[in-house]
Amino acid sequence: MKLFVDFFPILLFFAAYKLEGIYVATGVAILASAILVGWSWIRRRHVETMPLITLGLLVLFGGLTIALRDPIFLMWKPTIVNWLFGAVFLGSQFIGKPTLIERMMGKAIDIPSTVWTRLNMMWVGFFVVTGLVNLFVVYIGSGFFGAQQALILASGLQDIDLSACTERFSDDLLSLCNDTHAREDIWVNFKLFGMMGMTFVFVIAQAFYLSRHMKDEPRTLEAD
């Protein structure tokens, strides 16, 4: 359920993007994240640090995307968030005890401290790799950045709503705009399905890893 809540703004972003384009979708994602943070405060009078950081970065990068009409700012946001979380997890290896992952899960799972340390570093690696994969999709995998720059150069326009290509362009410029929109769509699909899939796979792998190291509960001997 917590994982679903974490991905809820992304689901709304995806739906809004398919209907109205990336700028409306960005506003929807910011609003949804703000509502979740507010709901957490109303229910528990407490909001965890990570959702607040995520909301802050979404407001910053999403706000830049809307204000400057450039999706590249929003596309960088998942990388910055993941690398920031990776830095926090890495810092917990050296500042204070226990590690961050043990603080989060230690009450529910009993495993040796060395395993907690390795698990914490696994999360660091996951965040770093996820951030790199996101940039790969933006700049290479989808080819969005190159297509966007070609469209800007050919049209002479910086403010381009890719969801309205047919209303704004014709002929070669229309083809360029549609191609850029299709590449933007690849990143949006990755943001939902790719990142969610990577997270699920990692969580499942973590569960198998933990199952090998969890301490058995002591058994009481029954009298014959």
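Visitor: What is the relative accessible area of Arg183, and is Arg183 buried, partly exposed or exposed?

Guide: Arg183 has a relative accessible area of 29%, so it counts as partly exposed.

Before we go on, a word on what you're looking at. This is a predicted model, in which local features need pLDDT of at least 70 and side-chain atom pairs count only at pLDDT 80 or more, while totals for chains, interfaces and linings use all residues. Residues are numbered from 1 along each chain as its sequence is written, and side-chain values use heavy atoms, with hydrogens and water left out.

Back to Arg183. Its side chain meets that of Asp179 in a salt bridge, at 2.9 Å from N to O. A salt bridge here is a side-chain nitrogen of Lys or Arg within 4 Å of a carboxyl oxygen of Asp or Glu. Both Asp179 and Arg183 sit in helix α9, four residues apart, which is about one turn of the helix. Asp179 is also partly exposed, at 32% relative accessibility.

The protein chain has nine helices and zero strands, and α9 covers residues 171–213.

How many salt bridges are there overall? A search of the whole structure finds three. Lys18 is partly exposed at 41%, and Asp185 is partly exposed at 22%. The salt bridge between Arg69 and Asp159 is 3.4 Å from N to O. Arg69 lies in the loop between α3 and α4, and Asp159 in the loop between α7 and α8, so this pair ties together parts that are 90 residues apart in sequence.

Contact means heavy atoms within 4.5 Å, and Trp187 is in contact with Phe13, Leu74, Met75, Pro78, Asn134, Val137 and Val138, leaving aside its neighbours within four places in sequence. Trp187 also belongs to the largest nonpolar core, which has 31 residues; Phe13, Ile160, Cys177 and Trp187 touch the most other members. A nonpolar core is a set of buried Ala, Val, Leu, Ile, Met, Phe, Trp, Tyr and Cys residues joined through side-chain atoms within 4.5 Å. Helices supplying at least two residues each to this core include α1, α4, α6 and α9. The largest share, seven residues, comes from α9. There is also a second, separate core of 20 residues, with Ile109, Leu119, Trp123 and Val124 among them. As background, nonpolar side chains tend to be buried together in soluble globular proteins.

The axes of α4 and α9 are 11 Å apart and pack at an angle of about 25°. Axes are lines fitted to C-alpha atoms, for helices over the stretch in contact, and angles run from 0 to 180 degrees between N-to-C directions. Under 35 degrees counts as roughly parallel, over 145 as roughly antiparallel, 65 to 115 as roughly perpendicular and the rest as oblique, so α4 and α9 are roughly parallel to each other. Leu74, Met75, Lys77 and Pro78 of α4 make the contact, together with Glu184, Trp187, Lys191 and Met195 of α9.

Helix α4 has another partner in α6: their axes come within 8 Å and cross at roughly 165°. That makes α4 roughly antiparallel to α6.

Finally, step back to the whole chain. Its C-alpha trace spans about 85 × 40 × 40 Å along its principal axes. Of its 224 residues, 39% are buried. Among contacts between residues at least 6 apart in sequence, 64% join residues at least 24 apart.

Notes
Buried < 20%, exposed > 50% of the residue type's maximum accessible area, 1.4 Å probe, protein only.
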